[in-house]
Amino acid sequence: MYNFILKRLLSTIPVLLVVAVLVFSLLRLTPGDPAAIMAGDAANAEQIERIRAGLGLDQPIVLQFGIWLGRVVKGDLGESFYFRIGVAELIRQRLEPTFALAALTILMAVLVAVPLGVAAAWRFGGWFDRALMGFSVMGFSVPVFVLAYLLIWLVSLKLGWLPVQGYRRLADGFLPFIRHLILPAITLSVIYIALIARVTRASVLEALGEDYIRTARAKGLPEMRVLVRHALANAAVPIATVIGIGVAILIGGVVVTESVYAIPGLGRLTVDAVLARDFPTIQGVILFFSCVYVLVNLLIDVSYVFLDPRIRY
Amino acid sequence: MKVLANWSVRIGGAALLVLVLVAAAAPWLGTVDPTLFDAASRDLRPGEAGEVTTLEGETIRHVFLMGSDSFGRDIYSRVLYGARVSLVVGISAALVALFFGVLLGLAAGYVRALDGPLMRVMDGIMAIPAILIAIALVALWRATLPTVIFAIAIPEIPRVARLVRALALSIREEPYVEAAVALGTPAARIMFSHILPNCVAPLLVQATYTCAFAILLEAILSFLGVGLSPDIPTWGNIMAEGRVQFVAYPHNVFFPGVFLAVTVLAVNILGDGLRDTLDPKMAKRV
């Protein structure tokens, strides 16, 4: 077990290394002076020169990568010329809203999608099943910002139930915090619900065809117990997998949702950095998000051991 | 044909066909130049009449079916012309992703020495969320039609490459490939004449989904203000300009939003239909 975790941990290194090379080469493989691009449009010659020296641009490219990677590993992501502070510090400041939004979204999505998927598989081919599949195609197709405006218009403007936009820190009280977060989380969770419900339905459907389900029913177990303890438990691994894969969609959604709802998180930071062409920040955010994605999927792989006792590494 | 008997293919295909025709025939559908503005026709509600001033300085009466924006531009004309951008970007990005994905996938699936290194690079690209890659590339290259297409296509290449590689790995074990190898057929010929034709059906399905995703992503880039220049009417740009006045004039956001959603929905439904008829193995999986 510990061997497996260690092995799986080591296997993320090549992926992260490739990510690092890609992020690094983002600037180096483009025509133009990397130091000038890094410094931003408003920089003067002296600033560019300082950055050039800092990046080691007079060194061979492999050495440049080494210098850069060495700093990144130590947590030094460079300095944002636009926000005038270290990129690592910037990311730390913007982490709370994004983390809160993502956590609430995943929680809501799983709580809604799994029961829906089980119910659809239980009544396979019925009206509920077809309605859910229809909803899921819609969920994949309605862009997150269109949905966001639809919800703002309906819930905030017409009904006046929730604030239109903005963010309150958890430290300022739980109620304002959750009131500002609930609409963005609903917006973001729709595509996630579509994804998880689809996979839950497919895997539960497959499990329901197994002999042990017939046995469980034959020995007179209540239908609820058959569905949850026997069918759903056996469908847990694919569901966990899709939750992990969905994190990529979630990160993309965060960028858009935070912009619409004016939430000062990492997604908003990404857009601001791009608009300001603040490349140290862009690189830092991409590295950070990719590491989160890889780590979440690592954790999910490890969780298989608990979800499926047959899996022994 | 089996494909055309499928209702998802019929509905999605028909909706898409209508959209293509509308986009192509935009100048003849009662539109005006989508960049024309008139200070007298600002912020009109849908259906209100106003006027637009042509480039020659001539003022013509015009009914603003979908209202106007804060510059007095006709939303209806902008939405119709915006369809052109969405469709061009969606289809081109799918083709670019397909082209590079097929090349890389065939190479990885058929040439054993390339498999490891190529697939590790693909894994790395897939570890970065697609929107972030696209945003970063657009920021770097500055947004024009070709750069936006490539920025959207690049994160999609690994998906195609993985698919082709997996197919190639199983097809290369087929007796006819073995026979071709025994006859001394060059590797390139085996890849393109023996393996590739057997990948067409799943690739077509994948291309449809890529197209839907590309249309979405283009709109997102425009909406965030990092995509195509605001002078070009794209659905994302119209929404980005409309969002400022969303509370008072929601139509600026809703009309392009509905067009965008329906288009992506049509492409996705078409993809589901193609998958069910062309690629039953994949249909069973999800």
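Is the crossing of α9(A) and α10(A) left-handed or right-handed?

Modeller: Happy to! Please keep in mind that this is a predicted model. The crossing of α9(A) and α10(A) is right-handed. Helix α9 of chain A covers residues 211-218 and helix α10 of chain A covers residues 223-234; their axes come within 10 Å and cross at roughly 150 degrees. With the limit for roughly antiparallel set at over 145 degrees, α9(A) and α10(A) are therefore roughly antiparallel to each other.

On the α9(A) side, the contact is made by Tyr212(A), Ile213(A), Ala216(A) and Arg217(A), and α10(A) contributes Val226(A), His230(A) and Ala231(A). Sorted by class, this contact of α9(A) with α10(A) has 5 nonpolar, 1 polar and 1 charged residues.

Now for the wider setting. The largest nonpolar core has 177 residues, and Ile196(A) is among those with the most contacts inside it, along with Ala134(B), Ile135(B), Ile152(B) and Leu217(B). Helix α3 of chain B, residues 75-110, gives the most to this core, with 19 residues. Setting aside neighbours within four places in sequence, Ile196(A) is in contact with residues including Ala109(A), Val110(A), Ile239(A) and Val242(A).

Finally, the two chains touch: 38 residues of chain A and 36 residues of chain B take part in the contact. On the chain B side, α12(B) gives the most, with 9 residues. The residues of that side divide into 29 nonpolar, 4 polar and 3 charged.

Technical notes: Residues are numbered from 1 along each chain as its sequence is written. Chains are lettered from A and ligands numbered from 1 in the order in which they are written. This is a predicted model: local features need pLDDT of at least 70, side-chain atom pairs count only at pLDDT 80 or more; totals for chains, interfaces and linings use all residues. Two residues are in contact if their C-beta atoms, placed from the backbone, lie within 7 Å. Helices (H or I, at least four residues) and strands (E, at least two) are DSSP runs, numbered from the N terminus. Ala, Val, Leu, Ile, Met, Phe, Trp, Tyr, Cys and Pro count as nonpolar, Asp, Glu, Lys and Arg as charged, and the others, Gly among them, as polar. Axes are lines fitted to C-alpha atoms, for helices over the stretch in contact, and angles run from 0 to 180 degrees between N-to-C directions. Angles under 35 degrees count as roughly parallel, over 145 as roughly antiparallel, 65 to 115 as roughly perpendicular and the rest as oblique. A crossing is left-handed if the near helix is turned anticlockwise from the far one by less than a right angle, and right-handed if clockwise. A nonpolar core is a set of buried Ala, Val, Leu, Ile, Met, Phe, Trp, Tyr and Cys residues joined through C-beta atoms within 7 Å. A residue is buried if 20 or more other C-beta atoms lie within 10 Å of its own, exposed if 12 or fewer, and partly exposed in between; C-beta atoms are placed from the backbone.
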